[in-house]
Amino acid sequence: MKIITRDVPPRAAWALEQSGVHPLLARLFAARGITAKEQLDDALALLLPPSSMRGAAEAACALADAMAANQAICIVADYDCDGATACAVGLRGLRLLGAPMGFDRVNYLVPDRVTDGYGLTPSIAKRVKAQGADVLVTVDNGIASLDGVRAARELGLQVIVTDHHLPALQRGEVVVPDDCVIVNPNQPGCDFESKSIAGVGVMFYVLLALRAELRERGVFTAQTQPKIDALLPLVALGTVADVVKLDANNRRLVAQGLKRVRAGAMPPGMAALFNVAARRPEAATSFDFGFALGPRLNAAGRLADMTLGIECLSTDDALCADELARTLDGINRERKAIEGDMRDQALMLAEGMFDESEDPPPALIVFDPDFHEGVVGIVASRLKDKMHRPTFVFAASGAEGKENELKGSGRSIPGFHLRDALDLVAKRHPGVLLRFGGHAMAAGCTIDEEHLETFEAALQLVAHEWLDAATLQRRLEADGVLDKQYRRTDLVDTLHKEVWGQGFAPPVFCEEVQIVSQRLVGEKHLALKMKHQGEPVDGIWFGHTEPLPERVKLAFRLDADEWQGQRRVRFLIEAAEY
């Protein structure tokens, strides 16, 4: 591990401090590209306008027409947290804007991860039609569903695709579905600046455009229009849980959602999820969305049925929401147990690929017949974090008639665009990849088991060509020394209130400390007593068991630990360099 200290532009830090930003925050913000206090303004009025998102106005017009004609609308969701929140936002938003509710007018459908696979498929289109829908709206999927959209149109369904993923590639050319409305900032010709917006954010923007369209039609006035900002807690949850880059627009969406959660203004299902996760909504942080609520929703899509998650987020019945949240919590505990076993097996398989005296290969590909398809993505992420290599984990498909297929989920490291790597493998080895798609840092693919070795060799070759020694060295960006005057619980609270996440990393400080004592807690966590700038402080390194030398450079986050009514600062260790 190499700990790298972020550069802090002195003029930007000085300008922020002069404008009233706390000196520690001024330094942190400047290191993350903030140059003026105005960039920290999270007012709703500063959100990018819906008019700049290509297709939003057209989608709004189509939805307004459908509502006026009392047509049935079906939302086809993805089975992760982004898809679940996007679906709940769609259901709640259409209800707020006056769509005739009831299962026969506005409903939803979630593909099964195992039997249906990802996205809008022809079989899903048939099921939507069989339910009596007139309009099909995808959320967090659809941009690459060329066959599914075509099948839906042939069945007479109007199709509105709302998505944020990259379009499909055919022979190196970008292709999008025909004869439908597309709302996706990553489609060709879209000028919307926030290319990193999550699927739930795209659906929220469609609703903003729909409200504007209904104003134009005289359904509402500026005074009587519904306040759809009530949906922002769901938008914030899905945005953080999908680990999209927190650019300025996404940070505003998350900040606005957090404000409402802290004030207690959120759907009953979110309040119930906070309760089962033993987290306090009044002190909610983006960490809660990403590591407490998000995993409980994702577990349903991985091991059971994301309908549970969508029902939890869309119901207004607090008792029902509580029961569903408890069910989701139980599924998440099951997911943790499965993940733990798979992670251990995957690590053993990965370590068997090279000798102890060697560095790991430039990419890792592991498969075991007993792996659970729903958990391969998490295991790939854990393996990638530990080995610092692009990683694919495969499981056998559980779909009937596809017993020979393997479904893989991949996670990558900075400097290796995983979706582009898969595209290159597909070009070099036509027919090996049955399906693939994704982003730079996460992607998925389906292959025949007989082609696993070919895929492994091909991806290894791409990784060898694209990655150099510097990229393959694990690095952690930190924010330098923490002056002891800032080692206070009130500043811990101040830091926690800010919006941190992907692309706007939470503060991690680094410096040399003296280890006074160390012991294992629960056989898998290292508890430390240290001297930091001559003063005692406690720390803990979760998931780490190896002892540290007496003097060591640590990277750490700040936390407040409460014991017998007293709050004290402690360090959450992220890495060590020695």
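User: How many bridges join strand β1 to β14, and do they run parallel or antiparallel?

Analyst: This is a predicted model. In it, four bridges join β1 (residues 2-5) to β14 (residues 475-478), and the two strands run parallel.

User: Which residue in β14 is the bridge partner of T5?

Analyst: A478 is the bridge partner of T5.

User: Which side chains of β14 are buried?

Analyst: L476 and A478, which point to one face.

User: Moving on to β10. Why is it described as largely enclosed?

Analyst: Strand β10 covers residues 391-396, and five of its six residues are buried, so it is largely enclosed by the rest of the structure.

User: Which way does β9 run against it, parallel or antiparallel?

Analyst: Parallel: four bridges join β9 (residues 364-367) to β10. Within that pairing, I365 has F392 of β10 as its bridge partner.

User: And β11, parallel or antiparallel to β10?

Analyst: Antiparallel, with six bridges between β10 and β11 (residues 405-411). F392 is paired here too, and its bridge partner in β11 is G410.

User: What unit do β9, α14 and β10 make?

Analyst: They make a right-handed β-α-β unit, in which helix α14 spans residues 376-387.

User: Next, the barrel. What is the order of the strands?

Analyst: Five strands close into it in the order β15-β16-β17-β19-β18, and the pairing is mixed. From one strand to the next, the twist averages 45°.

User: How many bridges join β16 to β17?

Analyst: Eight bridges join β16 (residues 525-532) to β17 (residues 535-542), and these two run antiparallel. One of the paired residues is M530, whose bridge partner in β17 is V537.

User: Which strands does helix α18 lie across?

Analyst: Helix α18 (residues 489-497) lies across β15 (509-521), β18 (551-563) and β19 (566-577). Its angle to β18 is about 95°.

User: What is N141 in contact with, leaving aside neighbours within four places in sequence?

Analyst: Its contacts are V76, A77 and D78, then Y118, G119 and L120, and finally V161, T162 and D163.

User: G340, then. Which helix is that in?

Analyst: G340 is in helix α13, residues 318-351.

User: Is G340 buried or exposed?

Analyst: Buried, because its relative accessibility is 13% and the cut-off for buried is under 20%.

User: How far apart are G340 and D191?

Analyst: They are 149 residues apart in sequence, and their C-alpha atoms are 43 Å apart in space.

User: Now the whole protein. How many helices and strands?

Analyst: There are 18 helices and 19 strands.

User: What share of the residues count as buried?

Analyst: Of the 578 residues, 53% count as buried. The protein exposes about 25300 Å², of which carbon and sulfur atoms supply 49%.

User: And among contacts between residues at least 6 apart in sequence, what share join residues at least 24 apart?

Analyst: The share is 66%.

Note on methods
Residues numbered from 1 in each chain as written. Predicted model: local features only at pLDDT ≥ 70, side-chain atom pairs only at ≥ 80, totals over all residues. Heavy atoms only, no water. Buried < 20%, exposed > 50% of the residue type's maximum accessible area, 1.4 Å probe, protein only. Pairing = 2+ DSSP bridges. Right-handed = clockwise from strand over helix to strand, strands pointing away. Contact = heavy atoms within 4.5 Å. Areas by Shrake-Rupley, 256 points an atom, 1.4 Å probe, with all protein chains shown as cover. Axes fitted to C-alpha atoms, helices over the stretch in contact; angles between N-to-C directions.
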